[in-house]
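Please keep the sequence and the structure in view while reading.

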Amino acid sequence: MKFSILTLFPEMFEILETSILGRAKKNNLIEIETINIRDFSKDKHKKVDDTPYGGGAGMLIRPDVVYDAYTSLNNKGKVIYMSPQGKRLTQDKVKELSREKELVILCGHYEGIDQRVLDKIVDEEISIGDYVLTGGELPAMVLIDSVSRYVDGVLSNESVKEESFSEGLLEYPQYTRPEIFLNEKVPEVLITRTSQKY
Ligand code: 21W
């Protein structure tokens, strides 16, 4: 799966190079491309935002700059706008998105983006929950992390199988070594089972 991310903060996505996605990237299962919206400013000071018509607090990202960043992409995938007004991300949506070949993720900042470019290019608006963040970058990373787990070959079958098996109903406390920690022993029933493995 290829993710193309339109953002004013491409450096924030460097963290995705590690962990679960590190392995997936090496095996070319996941490709992540960031596009700096600021590169498409025609302003001599690289300005991308402006004050809202009709007043209101803060600044909005200009539509023309976002549009030029978008049309620079070869990615023809579904466009997702990370937005606090969007539909809440669920595990069902995560599974659905994992079947796409390409996704474009638009991250807002400041007070948001001019509505006209959203109307032109966005297919879906997604929020990750009812709390206020400073931008769409962290939500985009949550989406990419959760979607990538379902891309074929990213996770060992074990983890996905265990997940579908349990479906939240069979969660239980888990233990590893040492057998005694701060005077607390691992439940006896589990100890005998572990030793069978070795
Ligand atoms: C937060 C932008 C609040 C704008 C219309 C008129 C993306 C996010 C974000 C942010 C506002 C997500 C307004 C959970 C989040 C995100 C930045 C305020 C005011 N609208 N999921 N005035 N939480 N947040 N808009 O914050 O971009 S997904």
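## Overall picture

The accessible surface of the protein comes to about 12,900 Å², and 52% of it belongs to carbon and sulfur atoms. Accessible areas come from the Shrake-Rupley method with a 1.4 Å probe, and for residues only the protein chains shown count as cover. The model is a predicted one, in which local features need pLDDT of at least 70, side-chain atom pairs count only at pLDDT 80 or more, and totals for chains, interfaces and linings use all residues. Residues are numbered from 1 along each chain as its sequence is written, and side-chain values use heavy atoms, with hydrogens and water left out.

The secondary structure comprises 7 helices and 9 strands; helices (H or I, at least four residues) and strands (E, at least two) are DSSP runs, numbered from the N terminus. Of the 198 residues of the protein, 38% count as buried. Buried means under 20% relative accessible area, exposed over 50%, and partly exposed in between (1.4 Å probe, protein chains only). Among contacts in the protein with a separation of 6 or more, 77% join residues 24 or more positions apart; contact means heavy atoms within 4.5 Å.

## The nonpolar cores

In soluble globular proteins, nonpolar side chains tend to be buried together. A nonpolar core is a set of buried Ala, Val, Leu, Ile, Met, Phe, Trp, Tyr and Cys residues joined through side-chain atoms within 4.5 Å. The largest such core has 26 residues, of which Phe3, Ile30, Ile32, Ile105, Leu143 and Ile144 touch the most other members. Two or more residues come from each of strand 1, helix 1 (19-26), strand 5, helix 3 (91-97), strand 6 and helix 5 (137-148). Helix 5 gives the most to this core, with 5 residues.

A second, separate core has 20 residues, including Val48, Tyr70, Val79 and Ile121.

Ser4 lies in strand 1 and counts as buried because its relative accessibility is 0%. Not counting residues up to four places away in sequence, Ser4 touches Glu33, Ile35, Leu73, Asn75, Leu103, Val104 and Ile105.

Asp114 is found in the loop between strand 6 and helix 4. Its relative accessibility is 16%, so Asp114 also counts as buried. The side chain of Asp114 makes a polar contact with the side chain of Arg116 (2.8 Å). A polar contact is a pair of N or O atoms within 3.5 Å; within protein, one must be able to donate a hydrogen and the other to accept it, and residues adjacent in sequence count only if both atoms are side-chain atoms. Leaving aside neighbours within four places in sequence, Asp114 is in contact with Ile61 and Pro63.

## The buried side of helix 2

Which residues of helix 2 (residues 63-71) are buried? They are Val65, Val66, Ala69 and Tyr70. These residues cover an arc of only 135° around the axis, which puts them on the same side of helix 2; the arc is that of the directions from the helix axis to the C-beta atoms. Their cover includes strand 1 (2-7), strand 2 (31-36), strand 4 (60-61), strand 5 (78-88), strand 6 (102-107) and helix 4 (115-121).

## The ligand

Of the 17 residues around the ligand, Ile128, Gly129, Tyr131, Leu133 and Gly136 come nearest. A residue is near a molecule or strand if one of its heavy atoms lies within 4 Å of it. One nitrogen atom of the ligand is 2.7 Å from a polar backbone atom of Tyr131, and a nitrogen atom is 3.1 Å from a polar backbone atom of Ile128. Taken alone the ligand exposes 600 Å², and the protein buries 71% of that.
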